[in-house]
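Me: I'm new to reading protein structures. Could you walk me through one, feature by feature?

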Amino acid sequence: MKKTILAIMLALALVAIPISSALAATDQDVTVIATPSFISIANLPIGFDFDVVTASTTPNTTTSYFTVTNSSTVNIDVTIVCDGWHDPPANHWAYAAAAPDTALLNASDGDGAYDVEVDDVNPILLHTTATAGDNFTWELELEAPTSFSYGDEQTTTVTISASAS
Amino acid sequence: MKKLILLLAAVVVLLLAGCPAASPPVVETLEPPPELYDKVWISPGKVEVGHFYPGARAEYAVTIHNGNDQPTEFSVSFRVPGSAEEGYVTAPDEAQDWIIIADPTPVLAAKETREVLIALVMPEAAEAPAKKWEFWVSVRDASQTGMVQTELACRWLVTMK
């Protein structure tokens, strides 16, 4: 009887020890936690036409031209980015501070300061909500080229992105 | 003696049953507010991955709701964060190769809600950008045509072992 009990205890030890040591080396230690929240924004109007622009000017949309309706259940950060000037494929401006055939956009979140330089690669923080579900307004300004070599219409796509703060 | 053997056998079974399987994601469910029915939304806003290491895998589904009145194609993609959480660094571009998106272009029927599984799979030879790093999963309504378009992002905060 003693032998049987010892054999069982040995088996128990052999079963238990390798499992506990193996656990430390597998993905069983990885934890994934998600806090329930909903992120939702909508923006209106969906565009603005600066029309014919004059060299070395800074036309703007007017303050609070755009409104973001925020239905998120948590505070959000809103970033802004554009994809440079395109259309037509040739004769399009470069995207940078005003220079010959070169222009960029500035933005601000409802105060008309135009203190957020919109980048054509990296999203830049435009607004952080103070409470969940806060709507806000924003506006755009064009730093027009200092001179033009061609008169083709220029377009860009501006993306505003919402993420949990 | 039989009783003792049975007792020991029961202990073995209980020990084995008690050993943890692969840790499932911690899911706290929350019903969306009714006013979100007609909106495009995603959930959750943040996913936190802990004790991660090269060679490991972590999964979580981003839930997308199409509040539009017509079927809509969405674009789900990796994104380098616009800003990182305090203490975290933004993921490098190559981290894109570590992200598997089960369906990068789901088409959702009007008012449909669907989960798209996201997996973070870091190769064993890969080097983490930092102890704590962050990437985003971007969700866009691909039918947008205006000059100003919106994007919703789910933040993934990764802490290495």
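Me: Let's begin with strand pairing: how many bridges join strand 5 of chain B to strand 10 of chain B, and do they run parallel or antiparallel?

Reply: First, some ground rules. Residues are numbered from 1 along each chain as its sequence is written, and chains are lettered from A and ligands numbered from 1 in the order in which they are written. This is a predicted model, where local features need pLDDT of at least 70, side-chain atom pairs count only at pLDDT 80 or more, and totals for chains, interfaces and linings use all residues. Strands (E, at least two residues) are DSSP runs numbered from the N terminus, and two of them pair if DSSP finds at least two bridges between them. Here, strand 5 (residues 72-79) and strand 10 of chain B run antiparallel, joined by 6 bridges. Within this pairing, B:Ser77 has B:Ser138 as its bridge partner.

Me: Which strand pairs with strand 10 of chain B in the parallel sense?

Reply: That is strand 6 (residues 89-90) of chain B, over 2 bridges. There, B:Thr90 stands opposite B:Glu134.

Me: And how many residues lie between strand 10 and strand 11 of chain B in their hairpin?

Reply: The hairpin has 6 residues between the two strands. Strand 11 spans residues 148-160 and runs antiparallel to strand 10, with 9 bridges joining them. B:Ser138 turns up again here, opposite B:Ala153.

Me: Is strand 10 of chain B mostly covered or uncovered?

Reply: A residue is buried if 20 or more other C-beta atoms lie within 10 Å of its own, exposed if 12 or fewer, and partly exposed in between; the C-beta atoms are placed from the backbone. Strand 10 (residues 132-141) is mostly covered, as 9 of its 10 residues are buried.

Me: What should I look for in the backbone angles?

Reply: Most residues other than glycine have a negative phi, and most peptide bonds are trans. Now look at A:Thr62, which is not a glycine but has a positive phi of about 85°. A:Thr62 sits in the loop between strand 2 and strand 3 of chain A and counts as exposed because it has 11 C-beta neighbours inside 10 Å. B:Lys111 also has a positive phi, near 65°. Its loop lies between strand 8 (107-108) and strand 9 (113-121) of chain B.

Me: Where is there a cis peptide bond in chain A?

Reply: Go to the bond from A:Leu44 to A:Pro45, with omega near -10°. A:Pro45 is in the loop between strand 2 (41-44) and strand 3 (66-70) of chain A. In chain B, a cis bond joins B:Ser43 and B:Pro44, with omega about 0°.

Notes. Helix = DSSP H or I, 4+ residues; strand = E, 2+ residues; numbered from the N terminus.
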